[in-house]
Amino acid sequence: VEAVHLIADGKAPRIPQPKEGATYEGIQKKENAEISWDQPAEALHNWIRGHDKVPGAWTTINGQMVTFYGSSLLDASVPAGQELTIKGASRPGLVTKNGLVVFGNDGKMVLVRNLQFEDGKMIPASKYFSADETTALELTEEEKKIAEDIR
């Protein structure tokens, strides 16, 4: 009650919070979330995971900023996949059926499940090379008839 009265009367003591030991780091900015590839796989995974969802850990692939989401450490033999050159990485990534496999400087692997491009489009990392492909829908004669009936 006494504290409330001191505040109401404007006589409560004001003690500034010490800066020592403060842990607040402020809002992360996208420009500070670029992936540094000269690290072990666990550090890469923690960096990607730590920036997932905002602001998103990113790197440059084919001259475009690509943001990585959904990483996990991969403790297996190197999977089969299509090589993907990543700027700054000592070894190309591999686009596999499960996602994008990237390598730490210790030779261990990290699996990234989703990629987001500068235009905001997000795709499963496993679909990187098929992202631009478009397939035309072909209807059978029976389906064409149904489509006309619906129209």
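This is a predicted model: local features need pLDDT of at least 70, side-chain atom pairs count only at pLDDT 80 or more; totals for chains, interfaces and linings use all residues.
Residues are numbered from 1 along each chain as its sequence is written. Local features need pLDDT of at least 70, side-chain atom pairs count only at pLDDT 80 or more, and totals for chains, interfaces and linings use all residues, while side-chain values use heavy atoms, without hydrogens and water.

Q: How many residues of strand β1 are buried?
A: Strands are DSSP E runs of at least two residues, numbered from the N terminus. Buried means under 20% relative accessible area, exposed over 50%, partly exposed in between, with a 1.4 Å probe and protein chains only. On one side of β1, Ala57, Thr59 and Ile61 are buried, and on the other Trp58 and Thr60 are too. For β1, residues 57-61, the count is five of five.

Q: Which residue of β2 is the bridge partner of Ala57?
A: Two strands pair if DSSP finds at least two bridges between them. β1 and β2 (residues 64-74) run antiparallel and are joined by five bridges. In β2, the partner of Ala57 is Phe68.

Q: Which residue in the hairpin of β1 and β2 takes a positive phi?
A: Two residues lie between the strands of this hairpin. The positive phi, near 50°, belongs to Asn62.

Q: Is Val102 buried or exposed?
A: Val102 is part of strand β5, residues 99-103. Contact means heavy atoms within 4.5 Å. Beyond its neighbours within four places in sequence, Val102 touches Trp37, Phe68, Ile86, Lys108, Met109, Val110 and Val112. Its relative accessibility is 2%, so Val102 counts as buried.

Q: What is the angle between the planes of Tyr128 and Phe129?
A: Rings of Phe, Tyr and Trp (its six-membered ring) pair if their centres lie within 6.5 Å; planes under 30 degrees apart count as stacked, over 60 as edge-to-face and the rest as tilted. The structure holds three aromatic pairs. Tyr128 and Phe129 form an edge-to-face pair, 5.1 Å centre to centre, with planes at 90°.

Q: Over which ring does the charged end of Arg91 sit?
A: A charge sits over a ring if NZ of Lys or CZ of Arg is within 6 Å of the ring centre and within 35 degrees of the ring normal. Lys53 lies over the face of Tyr69, 4.2 Å from the ring centre. For Arg91, at 3.7 Å from the centre, the ring is that of Phe103.

Methods: Helices (H or I, at least four residues) and strands (E, at least two) are DSSP runs, numbered from the N terminus.
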